[in-house]
Amino acid sequence: MLRLRAWGGTAPASVPALVRARLARRGSSAACSTASVAATASSSSSALEELAAERKGLAKVVLKKGKTQIFQDGSPMVYSGAVDRIVGRPPPKSGDVVLVADGTEKPIGWGVYNSVSMFCIRLMQLEEEARRDPTCALNMERLLESRISSAVDLRRSLGLPSANTNAYRLINSEGDRLSGLIVDIFADVAVVASSAAWVEKYKQEIQVFVSKVNGVKHIKWRSSADILKEEGLEITELKEPASSSSSTVKVTENGIFYLISLEGQKTGFYADQRENRQFISSVSKDQSVLDICCYSGGFALNAAKGGADNVIGIDSSKSALDLANENIALNKLNPERISFLKGDATAFMKGAISRNEQWDLVILDPPKLAPRKKVLQSASGMYRSLNALAMQVVKPGGLLMTCSCSGAMTQSGMFLKTIQGAASMARRKVTVLRQAGAACDHPIDLAYPEGQYLSNYLLRVA
């Protein structure tokens with residue numbers, strides 16, 4: 001298991017003498033009084049500036065007046081419109097470490113620069129943090145090791161992995177303060193999803209640190225080509241590192257086995273719904289269950305394990321359904337009580353309505369319908385139509401679990417209104433029984449609420 005780099009009473013020799021002296025005077029951070037912390041923070045001297053003085057050619061990106069506070073509060077994505085000027089020659093190149101400063105040119109932190117992206121800097125560490133931990137200041141390799149170690153410790157504290165679950169998220173981008181980097185662990189395979197140019201630049205270092213995580217034997221690198229193109233990287237430049245793993249891997253989640261395709265959607269498996277799938281297991285006994293957009297059968301398998309009388313899963317992807325059917329066998333379930341059908345969700349539900357078919361419990365988990373804010377209006381109509389159909393195939397008094405994995409929808413606050421609109425269309429009365437989001441291994445940085453994307457509501461449909 002990775003260990004956090006510890007910095008004790010003696011600072012590394014690379015830290016300037018003045019910084020070492022100041023830190024020595026401060027002593028242990030736990031023993032600092034509120035007054036001494038405030039006095040240190042108000043000091044006119046900057047730890048980052050002192051460290052930067054030893055590095056030639058380090059550019060300083062100065063923010064516009066009035067645009068600093070959001071980033072001082074921790075938002076990691078510095079958009080180009082917030083930048084006033086860049087101090088330093090030659091100008092920084094994409095992937096370079098830069099200082100980020102307020103209008104007076106006093107550093108507030110440092111990050112990684114991108115000359116092409118609308119997010120021209122991804123902030124990695126703030127000034128106050130550099131004071132507390134100068135070992136990581138202006139050093140991407142040490143910062144990566146520290147952040148990945150912290151992520152490992154956090155998951156361990158959440159009980160992940162465990163004897164019953166070895167599929168989980170290790171790095172959740174901004175939630176683990178590594179914007180643009182996602183790492184999912186599936187048994188002994190780590191799937192790395194890259195959506196930032198800096199992640200591609202530090203690919204080798206990331207692989208080294210991830211490979212040190214307990215139990216990881218293989219690494220699968222998946223680059224988000226469309227997003228990286230906006231980051232200034234051409235698709236032809238994205239050469240995935242060789243992987244020794246097979247194309248599929250068997251995992252367990254809450255005691256249920258899944259065969260995962262490492263070439264499948266996203267990283268291959270939706271660990272974010274783990275806690276919601278387990279809840280479905282707890283309310284499925286003796287119920288008839290319909291899982292719409294079932295992918296590889298997550299909700300359906302949990303319903304069957306929970307004692308459902310009959311479970312049907314619907315998806316339009318043959319490859320996903322092939323996995324779902326293999327998962328039936330893996331879990332030794334009765335194929336007469338759980339089955340999967342290939343079909344369009346809308347067409348299936350309309351057909352069921354025409355035949356007066358209804359289920360006690362329906363799960364609707366469609367793909368991302370609103371990838372961007374500009375399509376939110378049209379996506380709202382699609383969500384409304386799908387939910388109206390889903391409500392009509394629920395028995396009166398039955399349950400509907402409806403989901404949206406569109407960040408634009410979740411962050412807009414419109415999903416509940418969309419559900420209410422669907423209820424009006426379906427002429428059904430709905431009551432919210434449970435509200436949830438992504439599982440606990442998908443942390444959200446409160447300074448970056450844009451990281452919240454999954455909405456999950458359990459409804460009673462009358």
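Contact here means heavy atoms within 4.5 Å, and helices (H or I, at least four residues) and strands (E, at least two) are DSSP runs, numbered from the N terminus. This is a predicted model, in which local features need pLDDT of at least 70, side-chain atom pairs count only at pLDDT 80 or more, and totals for chains, interfaces and linings use all residues. Residues are numbered from 1 along each chain as its sequence is written, and side-chain values use heavy atoms, with hydrogens and water left out.

**View 1. Helices α10 and α11 in contact.** Asn 276, Arg 277, Gln 278, Ile 280 and Ser 281 of α10 meet Gly 298, Phe 299, Asn 302, Ala 303 and Lys 305 of α11. By residue class, this contact has 3 nonpolar, 5 polar and 2 charged members. Ala, Val, Leu, Ile, Met, Phe, Trp, Tyr, Cys and Pro count as nonpolar, Asp, Glu, Lys and Arg as charged, and the others, Gly among them, as polar. α10 (residues 274-282) and α11 (residues 298-305) pack at an angle of about 35 degrees, and their axes are 7 Å apart. Axes are lines fitted to C-alpha atoms, for helices over the stretch in contact, and angles run from 0 to 180 degrees between N-to-C directions. The crossing of α10 and α11 is right-handed. A crossing is right-handed if the near helix is turned clockwise from the far one by less than a right angle, and left-handed if anticlockwise.

**View 2. Helices α13 and α14 in contact.** The axes of α13 (residues 345-354) and α14 (residues 376-392) come within 9 Å and cross at roughly 35 degrees. The crossing of this pair, α13 and α14, is left-handed. From α13, Thr 346, Met 349, Lys 350 and Ile 353 meet Leu 386, Leu 389, Ala 390 and Gln 392 of α14. The residues of this contact divide into 5 nonpolar, 2 polar and 1 charged.

**View 3. An open sheet of 7 strands.** The strand order is β15-β14-β13-β16-β17-β19-β18, and the pairing is mixed. Two strands pair if DSSP finds at least two bridges between them. At the edges are β15 (338-342) and β18 (430-436), each of which pairs on one side only. On average, neighbouring strands of this sheet are turned by 15 degrees against each other, direction ignored. Strands β16 (residues 359-364) and β17 (residues 394-404) run parallel and are joined by 5 bridges. Val 362 has Leu 400 in β17 as its bridge partner.

**View 4. Helices lying across the strands.** Helix α10 lies across β16, β17, β18 and β19 (455-461), running at about 130 degrees to β18. Helix α14 lies across β16, β17, β18 and β19, and runs at about 150 degrees to β17.

**View 5. Two cis peptide bonds.** The bond from Arg 89 to Pro 90 is cis, with omega near -5 degrees. Pro 90 is in the loop between β3 (83-87) and β4 (97-101). The bond from Leu 160 to Pro 161 is cis, with omega near -5 degrees. Pro 161 is in the loop between α6 (140-157) and β7 (167-172).

**View 6. Arg 177 and Arg 427, each with a positive phi.** Arg 177, not a glycine, has a positive phi of about 60 degrees, and its place is in the loop between β7 and β8 (181-186). Arg 177 is partly exposed, with a relative accessible area of 31%. Buried means under 20% relative accessible area, exposed over 50%, and partly exposed in between (1.4 Å probe, protein chains only). Arg 427, not a glycine, has a positive phi of about 55 degrees and is found in the loop between α16 (415-426) and β18. Arg 427 is exposed, with a relative accessible area of 77%.
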